[in-house]
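Trainee: Could you help me learn to read a protein structure, one feature at a time?

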Amino acid sequence: MALEVRAAERGDLGPIVAIYNHYVERSPVTFDLVRVRTGERTEWLAQHVQRGPHRILVAVEGRTVVGWASTSPFRSRPGYATTVESSVYCRPRSCGRGVGSRLYDELFRSIQDEDVERIVAGIALPNPASIALHRRFGFRPVGTFTRAGRKFGRYWDVAWFERPLAIPPVGPEEEGRGRDPRPNRPRPPGGATGRVRGEGFEPTNPYGTRP
Ligand SMILES: CC(C)(COP(=O)(O)OP(=O)(O)OC[C@H]1O[C@@H](n2cnc3c(N)ncnc32)[C@H](O)[C@@H]1OP(=O)(O)O)[C@@H](O)C(=O)NCCC(=O)NCCS
């Protein structure tokens, strides 16, 4: 079935929240601890209009919302306005089928003309799918906060990633391999999950303490 990606509407809030609540209850990928109610998200949706740096997109198959992605304020102080934080959630049975990639592709295109300098994302570890997705879209790891969150009775490390809004130019390693037919898809030299020289990214607790 064809996948459509479009701006979220009021009628999408129910499925958006249902997808999110699945992870609230079962996963450390979000540090919300109790289910979110649809009504609590009305204002949030209104703040993500179809213009400006803050957006919510949904991926729809037929009439079913199978995933959503957003760019939101990173921090509230005005000097941070040029940084947005991205989030993406697919319903479990739709994971691993390219939905997240479609969402990010459209999301980052939608803000290309906005006054945004950096897109950042925090990923509770481990989450290989999310790390692969972010690397696929040109995010680079900037560091890991250890034991940054507590959920399900244990602490979790959170790796932070960043990318410029504009796609970085293709590096010399990529030259001669032909252009990637998918726009907005810079390939890191180490591959989606490979290490990139000089990044020093280590997705474990450097202090060696147990979660
Ligand atoms: C993370 C998530 C949004 C990725 O979206 P997706 O539709 O599953 O990912 P895609 O199919 O577009 O694949 C994107 C990349 O992730 C890789 N990937 C997908 N599932 C994976 C898995 N389970 N393990 C490792 N890599 C995986 C793909 O191979 C692809 O990598 P490539 O560029 O090297 O080919 C989705 O899996 C999800 O919603 N997970 C649960 C919620 C979550 O973790 N959200 C992010 C919070 S930070």
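Trainee: How many bridges join strand 6 to strand 7, and do the two run parallel or antiparallel?
Mentor: Keep in mind that this is a predicted model. To read a strand pair, look at the direction of each strand and then at the bridges. Here strand 6 (residues 140-151) and strand 7 run antiparallel, joined by eight bridges. Phenylalanine 145, for example, stands opposite valine 158 in strand 7.

Trainee: How many residues lie between strand 6 and strand 7 in their hairpin?
Mentor: There are two residues between them, and phenylalanine 152 in the turn has a positive phi of about 55°.

Trainee: Which residue of strand 7 stands opposite alanine 124?
Mentor: Valine 158 again: alanine 124 stands opposite this residue. Strand 5 and strand 7 run antiparallel and are joined by seven bridges.

Trainee: In what sense do strand 4 and strand 5 pair?
Mentor: They pair in the parallel sense, over three bridges. Between the two, the chain passes through helix 3, and this β-α-β crossover is right-handed. On the other hand, strand 4 pairs with strand 3 in the antiparallel sense over seven bridges. In that pair, tryptophan 68 stands opposite tyrosine 89 in strand 4.

Trainee: Which residues of helix 3 are buried?
Mentor: Start with the general idea: an α-helix has 3.6 residues a turn, so residues three or four places apart point the same way. In helix 3, the buried residues are Val99, Gly100, Leu103, Tyr104, Asp105, Leu107 and Phe108. They pack against several elements, including strand 2 (55-61), strand 3 (64-73) and helix 4 (128-136).

Trainee: Which residues touch the most other members of the largest nonpolar core?
Mentor: To read a core, look for the members with the most neighbours in it. Among the 33 residues of this core, those are Ile16, Leu57, Val58, Trp68, Leu103 and Tyr104. Elements that each supply at least two residues of the core include helix 1 (13-26), strand 2 and strand 7 (154-164).

Trainee: What is valine 58 in contact with, leaving aside its neighbours within four places in sequence?
Mentor: Valine 58 is in contact with Arg6, Ala8, Asp12, Ile16, Val65 and Trp68.

Notes
Residues are numbered from 1 along each chain as its sequence is written. This is a predicted model: local features need pLDDT of at least 70, side-chain atom pairs count only at pLDDT 80 or more; totals for chains, interfaces and linings use all residues. A residue is buried if 20 or more other C-beta atoms lie within 10 Å of its own, exposed if 12 or fewer, and partly exposed in between; C-beta atoms are placed from the backbone. Helices (H or I, at least four residues) and strands (E, at least two) are DSSP runs, numbered from the N terminus. Two residues are in contact if their C-beta atoms, placed from the backbone, lie within 7 Å. A nonpolar core is a set of buried Ala, Val, Leu, Ile, Met, Phe, Trp, Tyr and Cys residues joined through C-beta atoms within 7 Å. Two strands pair if DSSP finds at least two bridges between them. A crossover is right-handed if, with the strands pointing away from the viewer, the path from the first strand over the helix to the second runs clockwise.
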